[in-house]
Protein chains: 2
Amino acid sequence: MVTILRIGHRYNRDKRITSHLALVARALGVRKMIIAGEKDLKLKDSINKVSDSWGGGFNLEFVLYDEWKPIIEKWKIKGMKIIHLTMYGENLSTFEKSDTFVELRKQPNNVAIILGGEKVPGKVFQYANWNVSITNQPHSEVGSLAIFLDHFIVNALKTSFSNPKKQIIPSLEGKKNYR
Amino acid sequence: MVTILRIGHRYNRDKRITSHLALVARALGVRKMIIAGEKDLKLKDSINKVSDSWGGGFNLEFVLYDEWKPIIEKWKIKGMKIIHLTMYGENLSTFEKSDTFVELRKQPNNVAIILGGEKVPGKVFQYANWNVSITNQPHSEVGSLAIFLDHFIVNALKTSFSNPKKQIIPSLEGKKNYR
C-alpha cells in the first residue's frame, strides 16, 4: 500500500487538518503516514484510538521537519515512485488516463505520496517523479488527498478493516443499524 | 448546481476545517454554501479573495445555528432533494449505482447536500432523502465532501472559472508555468 509523507505540522495551527489527513488516509486503506514536523502525541493517540475501535492498523510516525529530505532521498535510491500533490501539477483527470498511472496503481507498495504544508520546499517538485494537481485551484490538501486516493487505490471506498470492535451497517435511513 | 448546508461552525475551533470545506466546494464547481453557526467574516473574506484572484463566483452565507431547520424545511416544501453525508449512511459505492443517483446528477440545481458538524441533530437523518457515507469509517467531512462532489458533479475536476486574474498551466514538473 502507498506511504504518505506530510511535510510540515505545527501543533497548534495544524492539529485538525493533519488529523483529517490521517483519517482520510486510514479510511481509504493507507496504513502508513509519516509527518515531518512538530511531534504530536495527542494526534497519534487519537488516531490509534480510531484504529482500536474500528479495526485495521494505521502507523502514524513523527520525524523532525528536516527529515523530509533524507526520507525522500532514501526512497529515490530504493526506486520508489514519488507523486507530489500540488496545485501546480498536471490535472489528475489527465494524469489518470496515462499508462504510467495505470501501471502505478498495480504497485501501490512502491509508491509514496508527498503532501506539502503551507510552504513547500522547491526541491520537492524536483524529487517528485510526478507533480499532480486536483483541479489546479486553491484547494484543501485534505480534499485533494481524498480524491487522489479514491482514484488511485483500487476499491478504496470499500476498504475493509481487520478486527473491528465497532462496525456500521450502512443504511439510507441513517443511524438505524449500529452494533 | 448543488447547494451545501454546513450545520455548525465555531469561530475558533472550526475555522480551518470550514475554510477547507469551502475551498473544496468551490474548486469542484459548487457556487453556494450556507453555514449555520457563528458568523465568521474573516473566513468569508478569505474565500472571496480566492474567487477574486482565481475566478468564478462563490457565495458563502452565514446564518444563525438554529436556522438549519427552517432552511431544510423550506427546501422540502420546494421539492428539493436532500443528501446528508454521514458515516451511518449507505456507502457511496453502492448508492452511486442506483437509478436515483443517476437521475439526481442530471438535476444538480435541485439537490442540497447537508454536512453535519460535531453533533448532528437527529432530525437531519429524517429530513434527508438519502443518508450517504463515504466508507462508513470515522472520516473527515472535508475528505467526504471532496469524494462525494467528485462522483456527483459531472467533470468536477475540470471545472472552469470565469474571469480569473491568476491561472496555472498544469505541468508534471510542477511550478514551472505560472501566469
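## A loop in chain A with two positive phi angles

T135(A) lies in the loop that runs between β6 and α7 of chain A. In this predicted model, T135(A) takes a positive phi of about 95° even though it is not a glycine. Most residues other than glycine have a negative phi, and most peptide bonds are trans.

## Confidence in the model

The model scores ipTM 0.96 and pTM 0.96. For chain A the mean pLDDT is 94, and 98% of the residues of chain A reach 70 or more.

## How the two chains meet

The contact between the chains draws 45 residues from chain A and 46 residues from chain B. On the side of chain A that touches chain B, the elements that give two or more residues are α1 (11-27), α2 (41-54), β4 (81-91), α4 (92-95), β6 (130-133) and α7 (141-152) of chain A. Of these, β4(A) provides the largest share, with seven residues. By residue type, this side of chain A divides into 22 nonpolar, 17 polar and six charged residues.

The same surface serves both copies, as 100% of the contact residues of chain A recur in chain B.

## Strand β6 of chain B and its residue N131(B)

N131(B) is found in strand β6, residues 130-133, of chain B. N131(B) is buried, because 26 other C-beta atoms lie within 10 Å. When residues up to four places away in sequence are left out, N131(B) touches residues of both chains, namely S171(A), L172(A), E173(A) and G174(A) in chain A, and H84(B), T86(B), Y88(B), G89(B), E90(B) and F125(B) in chain B. For one of these, T86(B), the separation from N131(B) is 45 residues in sequence and 6.3 Å in space, taken from C-alpha to C-alpha.

## The two sides of helix α2 in chain B

Helix α2 of chain B, residues 41-54, has 14 residues and reaches 20 Å from its first C-alpha to its last, which is close to the 20 Å expected at 1.5 Å a residue. The buried residues of α2(B) are L43(B), I47(B), V50(B), S51(B) and W54(B). These residues cover an arc of only 95° around the axis, and therefore they are on the same side of α2(B). An α-helix has 3.6 residues a turn, so residues three or four places apart point the same way.

What covers the buried residues of α2(B)? The cover includes α1 (11-27) and β3 (59-63) of chain B. On the other side of α2(B), by contrast, L41(B), K42(B), D45(B), K49(B) and S53(B) are exposed. Just after α2(B), G55(B) takes a positive phi of about 95°.

V30(A) lies in the loop between α1 and β2 (32-36) of chain A, and V30(A) counts as buried because it has 24 C-beta neighbours inside 10 Å. Leaving aside neighbours within four places in sequence, V30(A) is in contact with M1(A), V2(A), I4(A), A25(A) and L149(A). The C-alpha atoms of V30(A) and V2(A), which are 28 residues apart along the chain, are separated by 6.3 Å.

Is E73(A), with its 11 C-beta neighbours inside 10 Å, buried or exposed? E73(A), found in helix α3 (residues 68-77) of chain A, counts as exposed because it has 11 such neighbours, and 12 or fewer is the limit for that class. The C-alpha atoms of E73(A) and N109(A), 36 residues apart along the chain, are separated by 17 Å.

Technical notes. Residues are numbered from 1 along each chain as its sequence is written. Chains are lettered from A and ligands numbered from 1 in the order in which they are written. This is a predicted model: local features need pLDDT of at least 70, side-chain atom pairs count only at pLDDT 80 or more; totals for chains, interfaces and linings use all residues. Two residues are in contact if their C-beta atoms, placed from the backbone, lie within 7 Å. Helices (H or I, at least four residues) and strands (E, at least two) are DSSP runs, numbered from the N terminus. Ala, Val, Leu, Ile, Met, Phe, Trp, Tyr, Cys and Pro count as nonpolar, Asp, Glu, Lys and Arg as charged, and the others, Gly among them, as polar. The expected span of a helix is 1.5 Å times one less than its number of residues. A residue is buried if 20 or more other C-beta atoms lie within 10 Å of its own, exposed if 12 or fewer, and partly exposed in between; C-beta atoms are placed from the backbone. The arc is that of the directions from the helix axis to the C-beta atoms. pLDDT is the predictor's confidence in each residue, from 0 to 100.
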